Amino acid sequence: MLKTISASLLLFSPSCIAWENDEPWFCHDIDCPNFTNSTIDNIEIREYPPALWASTNVSSTNIIEADNIGFDRLFDYISGANDESIAIDMTSPVTSRVIPGAGPNCNSTFIVSFFVPFEYQDNGPPEPTSSLVYIESREALNVAVSEFSGYAPQAEIIAKAAQMEVEVEDSQDLQIDNSYDDSWFFAGYDPPFRLTDRHNEVWVPVIN
């Protein structure tokens, strides 16, 4: 479902347009991907259109460690480690797609991503100079969402994702999207120094 694309192909990719109305409060006035939402069986469902993201893959057993490694790589990219040597605006959220490992002591793969600012969605952003960072064309995404506040430790993130999957499985009108091979997303919207009004989410891909 996720694929890397080159700048030469970006003109043929569906574009992600900016919000027509006010962004959600948790975007804090920086670009974040638009979505439409609804409620099914008391579960929030969001539909995200296709969009470009800057991404990097991290192998780890700890989502917080993986997020930190991935964030540093991507922050270098937007700080000038790109073929135009320019700064690119920070966006929100930072997402981590969690692809579980084969067993409890095996590394999982975390695809850590920054949303590409709207100004680059049509024609593509500068290319990364690091081989560890790539521009990803993320297809339309339909997810069940669990929102929560505060600083999110790994145990809480995993518990929220597990509970969301149980709720989807118990739903009469939703089912897990198996094309994502048991993977799910964590989305964090805040820098570490923001002490209040912190916002976190887990996304579980679904079919409805």
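Which residue in β6 does Arg97 stand opposite? The legends below, for close-up views of a predicted model, begin with the strand pairing that settles this point.

**Figure 1. Strand β5 and its antiparallel partners, β6 and β10****.** In the predicted model, Arg97 stands opposite Ile111 in β6. The two strands, β5 and β6, run antiparallel and are joined by 6 bridges. Strand β5 covers residues 94-99, and β6 covers residues 108-115. A further antiparallel pairing, over 5 bridges, links β5 to strand β10 (residues 184-188). Within that pairing, Val94 is set opposite Gly188 in β10. Strand β5 is mostly covered, with 5 of its 6 residues buried.

**Figure 2. The chain as a whole, as context for the close-up views.** The protein chain contains 2 helices and 11 strands. Their order along the sequence is β-β-β-β-α-β-β-β-β-α-β-β-β. Of the 208 residues in the chain, 48% are buried. Among contacts with a separation of 6 or more, 72% are between residues 24 or more positions apart. The accessible surface amounts to about 10400 Å², and carbon and sulfur atoms account for 50% of this area.

**Figure 3. The largest pocket, with a volume of about 710 Å³****.** A total of 28 residues line this pocket. Those nearest its centre are Phe71, Asp190, Pro191, Pro192 and Arg198. Helix α1 and strand β10 each contribute at least two residues to the lining. The contribution of α1 is the greatest, at 5 residues. By class, the lining of the largest pocket comprises 17 nonpolar, 7 polar and 4 charged residues.

**Figure 4. The second largest pocket, of about 340 Å³****.** The lining of this pocket consists of 18 residues, and Val98, Pro100, Ser108, Ile158 and Trp184 lie nearest its centre. At least two lining residues come from each of β6 and α2 (154-170). Helix α2 provides the largest share, 6 residues. The lining of the second largest pocket is made up of 11 nonpolar, 5 polar and 2 charged residues.

**Figure 5. The largest cavity, of about 70 Å³****.** The structure holds 3 cavities of 30 Å³ or more. The largest cavity is lined by Pro33, Asn34, Tyr48, Pro49, Ala51, Trp53, Arg138, Glu139, Leu141 and Trp203. Of these lining residues, 7 are nonpolar, 1 is polar and 2 are charged.

**Figure 6. The second largest cavity, with a volume of about 50 Å³****.** Residues of the lining are Ala54, Tyr77, Ile78, Ile88, Asp89, Thr91, Phe114, Phe115, Val116, Pro117 and Pro125. Helix α1 (63-78) and strand β6 each supply at least two of the lining residues. The lining of the second largest cavity divides into 9 nonpolar residues, 1 polar residue and 1 charged residue.

**Figure 7. The cis peptide bond between Ser92 and Pro93****.** The omega angle of this bond is about 0°. Pro93 belongs to the loop between α1 and β5.

**Figure 8. Backbone geometry at Asp41 and Asp197, two residues with a positive phi****.** Most residues other than glycine have a negative phi. Asp41 is not a glycine, yet its phi is positive, at about 50°. This residue, Asp41, occupies the loop between β2 (36-40) and β3 (43-48). Its relative accessible area is 35%, so Asp41 is classed as partly exposed. Asp197, likewise not a glycine, has a positive phi of about 55°. Asp197 is placed in the loop between β10 and β11 (200-207). Asp197 counts as exposed because its relative accessibility is 56%, and the cut-off for that class is over 50%.

How values were computed: Residues numbered from 1 in each chain as written. Predicted model: local features only at pLDDT ≥ 70, side-chain atom pairs only at ≥ 80, totals over all residues. Heavy atoms only, no water. Helix = DSSP H or I, 4+ residues; strand = E, 2+ residues; numbered from the N terminus. Buried < 20%, exposed > 50% of the residue type's maximum accessible area, 1.4 Å probe, protein only. Contact = heavy atoms within 4.5 Å. Areas by Shrake-Rupley, 256 points an atom, 1.4 Å probe, with all protein chains shown as cover. 1 Å grid on protein atoms, 1.4 Å probe; cavity = no way out; pocket = protein on both sides within 12 Å on 5 of 7 lines; lining within 4 Å. Points joined across faces, edges and corners; volume = space filled by probe spheres on them. Nonpolar A, V, L, I, M, F, W, Y, C, P; charged D, E, K, R; others polar. Pairing = 2+ DSSP bridges.
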